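Open the model in your viewer and keep the selection tool ready. This tour tells you what to pick at each stop.

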Amino acid sequence: MDLVKRYKDDVACIIVTPFHHPAFGDQVLPAPSFFADLRRICDENGIVLALDDVRAGFRLSMHGSHAYFGFSPDLTCFSKAIANGYTLSACLGKAALKAAASRVFFTGSFFGGAVEMAAALATLDELERRDAIAHMMKMGTMLQDGLKELARARGLEVVVSGPPTIPYMRFANETNFRRMQRFSGEAARRGVIFHPHHNWFMMEAHKEEDIRQALDVADKCFEVVKKEFGG
Ligand SMILES: Cc1ncc(COP(=O)(O)O)c(C=O)c1O
């Protein structure tokens with residue numbers, strides 16, 4: 001709010017992600033009133049509220065992550081999950097912005113990519129048909145809870161952050177990520193990727209058996225970290 005006041009009439013748009021998902025850090029979910037306050041500030045000051053849902057889109061809600069957090073952006077960008085890895089992105093906006101958008105000349109060689117469009121349609125149908133987000137939430141919760149429990153049992157302190165479908169873990173008592181890099185390296189050698197510095201992604205293909213396997217591997221890697229770093 002301070003910045004909006006300081007730059008009054010100079011702010012055209014505020015772009016936010018649905019939650020804070022930095023690299024090299026814990027993920028932070030929004031405070032309960034964050035989006036309601038932001039929406040009000042934008043409305044009161046004639047500012048367009050844009051949601052960068054490139055990373056979280058279709059992992060929290062089929063209707064965009066704003067539906068999950070209960071607010072209404074003016075513009076939303078999707079990519080990544082929208083076509084299950086096919087190269088597609090989409091920007092959706094409220095009707096009031098259509099006229100302005102139509103005055104912007106914007107084109108691209110692959111705008112008519114039929115394969116990507118077909119992939120997106122099929123992806124969205126399948127995500128809905130399989131109730132994929134509910135499944136990914138369940139698998140992600142199993143993974144997050146399992147990691148916390150295994151670390152505790154080995155006397156290690158970890159911070160598990162983010163929504164279950166986009167989890168991340170790091171060791172609490174370090175800032176140089178040495179334990180985390182060791183943990184990840186050991187896991188990769190055993191066939192499981194836990195990115196050391198970037199959030200992870202659950203997908204519909206992850207089944208209970210996969211999570212159990214990942215947790216088995218994690219337990220062995222916790223053992224290595226405990227032995228080498230002592231806590
Ligand atoms: C939240 C977020 N926004 C935007 C981007 C960039 O997307 P693109 O490479 O399609 O421009 C990324 C890429 O990882 C992202 O995670």
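Helices (H or I, at least four residues) and strands (E, at least two) are DSSP runs, numbered from the N terminus. Trace the chain from the N terminus, and the elements run α-β-α-β-α-β-β-α-α-α-β-β-α-α. The C-alpha atoms fill a box of roughly 60 × 45 × 30 Å along the principal axes.

This is a predicted model, in which local features need pLDDT of at least 70 and side-chain atom pairs count only at pLDDT 80 or more, while totals for chains, interfaces and linings use all residues. Residues are numbered from 1 along each chain as its sequence is written, and side-chain values use heavy atoms, with hydrogens and water left out.

**Stop 1: H6 and H8**

Select residues 132–153 for H6 and residues 208–229 for H8. Their axes are 10 Å apart, at an angle of about 20°. Axes are lines fitted to C-alpha atoms, for helices over the stretch in contact, and angles run from 0 to 180 degrees between N-to-C directions. That angle makes H6 roughly parallel to H8. Angles under 35 degrees count as roughly parallel, over 145 as roughly antiparallel, 65 to 115 as roughly perpendicular and the rest as oblique.

Now show side chains. On H6, pick residues including Met139, Met142 and Leu143; they belong to the face that meets H8. On H8, the partners include Ile211, Leu215 and Phe222. Contact here means heavy atoms within 4.5 Å. By class, this contact has 11 nonpolar, one polar and four charged residues. Ala, Val, Leu, Ile, Met, Phe, Trp, Tyr, Cys and Pro count as nonpolar, Asp, Glu, Lys and Arg as charged, and the others, Gly among them, as polar.

**Stop 2**

**Stop 3: the largest pocket**

Which residues are closest to the centre of the largest pocket? Select Ser89, Ala90, Cys91, Leu92 and Phe106. On a 1 Å grid over the protein atoms alone, a pocket is an open set of points with protein on both sides within 12 Å along at least five of seven lines; a cavity is a set where a 1.4 Å probe fits but cannot get out, and lining residues have an atom within 4 Å of a point. The pocket holds about 890 Å³ of space. Grid points are joined across faces, edges and corners, and a volume is the space filled by probe spheres set on the points. The lining has 19 nonpolar, four polar and three charged residues.
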